[in-house]
Amino acid sequence: MTIELTTVSAIIGWIYVIGWGVANYPTILHNRKCKSVEGISMDYLFFNMMGFVLYTTYTSCMIFNSIIREEFYLENGEWPLIKVNDLIFGVHNLLTNGYMIIQAYCLGYSKKDSQKVSIGAKVIIGCVISYIIIGLIIIYHNQGWGVVIGEFNLMKLVTYMGLIKIGMSVCKNIPQIIYNFERKSTNGWPVLMIWFDFFGASMSLIQLIIDALVVNDIMNIFDNKPKLFLAVQVIIADSIFFLQHYYLYYDEGEGYFILE
C-alpha cells in the first residue's frame, strides 16, 4: 500500500506542477496579443514575484540544505515532505511572473496611469527583505551556521519565509480582487488562468495528504505549513475570482482564452 500511495503521490505531484505551472500562460498570451497589461494590478505582479522568491528559497533549502534538513528532522522526527516537483513549480512560476513584469515595464505594453506599485506594497516588500537580512544576521551572530535545535535557527527562518509567501499570495490577490471590483470587469484577467491555478492548488493539497498517509500520520500535513496554507488560500482566492467572472461581472464577449 505504501508503494502504491508513493507512486500516486509522485504522479499527482507532477500533474499539479504542470497544471499550476501553466496558469500564467493565458495571461502572458493575452498580454502579448493585446500588447497591454491593463487587466493586471501591478501590486499583484510584485507581490507574486516576492512570494515565489521566498517559496523557491524555502523548497530548495528543504530539499538540498543538509543543515536545514537535519534541524527539521531533529525537531519534527521526520524529513520534510517537500519534493523536487515543489521546487520546479516555484522556479517556473518565478520565471513566468518575471516575464509578465518585463511585459509591463520593458516591452512597451500599454497600461493605465493608475497602474503603479502602491506605497503599501513597497513598504511590505521592503519589510520582508529587511526581516530576512536581520534574521540571517541574528542566527549567524548567535550560533553561526551549525545545526541548532530549540532556538531561532536556519530551518525556522526558512519555514517562516515559506509562510510569508502565503502572506504575499494574500497580498497579491486582494489588490487584484479590488482592481476587478473597481473596473466592474475581469477583462484582461483570463479565467482559464484561474482554472489552472485552482486545479494546481487542489492537486498540491491532495499530494500533501497522500504523503501524510504514506508516513501514517495525517497530522504531518501541518508540519509543512507553507505548502498546505498556499494551496488552501489559492483555492479560496480563486473561488472569489470565479464569483467575479461568472456572476458579478460576467460579459460573454469579454477576455481571451475564456473558459465558459
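**Aromatic pairs**

I looked up ring pairs first, and the structure holds 15 aromatic pairs. For the record, rings of Phe, Tyr and Trp (its six-membered ring) pair if their centres lie within 6.5 Å; planes under 30 degrees apart count as stacked, over 60 as edge-to-face and the rest as tilted. One of the pairs is Tyr140 with Trp145, a tilted one with 5.0 Å from centre to centre and 40° between the planes. Trp145 is partly exposed, at 40% relative accessibility. My cut-offs here: buried means under 20% relative accessible area, exposed over 50%, partly exposed in between (1.4 Å probe, protein chains only).

A note on what I'm looking at: this is a predicted model, where local features need pLDDT of at least 70 and side-chain atom pairs count only at pLDDT 80 or more, while totals for chains, interfaces and linings use all residues. Residues are numbered from 1 along each chain as its sequence is written, and side-chain values use heavy atoms, with hydrogens and water left out.

Next I checked Trp195 and Phe242. Their ring centres are 4.5 Å apart and their planes stand at 45°, so this pair is tilted. Trp195 sits in helix 8 and Phe242 in helix 9 (residues 225–248), so the pair ties together parts that are 47 residues apart in sequence. Are the two partners buried or partly exposed? Trp195 is partly exposed, with 35% relative accessible area, and Phe242 is buried, at 14%.

I also found a cluster: ring pairs link Tyr16, Trp20, Phe52, Tyr55, Tyr58 and Phe89. Tyr55 lies in helix 3 and is buried, with a relative accessible area of 1%.

**Charges over rings**

Which lysine lies over the face of Phe52? I found Lys165 there, at 4.0 Å from the ring centre. A charge sits over a ring if NZ of Lys or CZ of Arg is within 6 Å of the ring centre and within 35 degrees of the ring normal. Lys184 lies over the face of Phe181, at 3.8 Å from the ring centre.

**Two lysines with positive phi**

Lys184 came up again when I went through the backbone angles. Most residues other than glycine have a negative phi. Phi of Lys184, though, is positive, near 55°. Lys184 is in the loop between helix 7 (154–183) and helix 8 (191–214), and counts as partly exposed at 47% relative accessibility.

Lys35 also has a positive phi, about 50°, although it is not a glycine. I located Lys35 in the loop between helix 2 (25–34) and helix 3 (42–64). Lys35 counts as partly exposed, at 47% relative accessibility.

**Helix 3 against helix 7**

Two packed helices are described by the angle between their axes and the distance between the axes. So how do helix 3 and helix 7 cross? Their axes come within 8 Å and cross at roughly 160°. Axes are lines fitted to C-alpha atoms, for helices over the stretch in contact, and angles run from 0 to 180 degrees between N-to-C directions. Helix 3 and helix 7 are therefore roughly antiparallel to each other. The scale I used: angles under 35 degrees count as roughly parallel, over 145 as roughly antiparallel, 65 to 115 as roughly perpendicular and the rest as oblique.

Ile166 is in helix 7 and is buried, at 9% relative accessible area. Ile166 and Lys225 are 59 residues apart in sequence and 9.5 Å apart in space, C-alpha to C-alpha.

Pro175 is in helix 7 and counts as buried, at 17%. Pro175 and Ser118 are 57 residues apart along the chain, with 9.7 Å between their C-alpha atoms.

My last entry is Leu81, in the loop between helix 4 (66–76) and helix 5 (84–105). Leu81 is buried, at 10% relative accessible area. From Leu81 to Leu208 I count 127 residues in sequence and 7.6 Å in space, C-alpha to C-alpha.

Methods. Helices (H or I, at least four residues) and strands (E, at least two) are DSSP runs, numbered from the N terminus.
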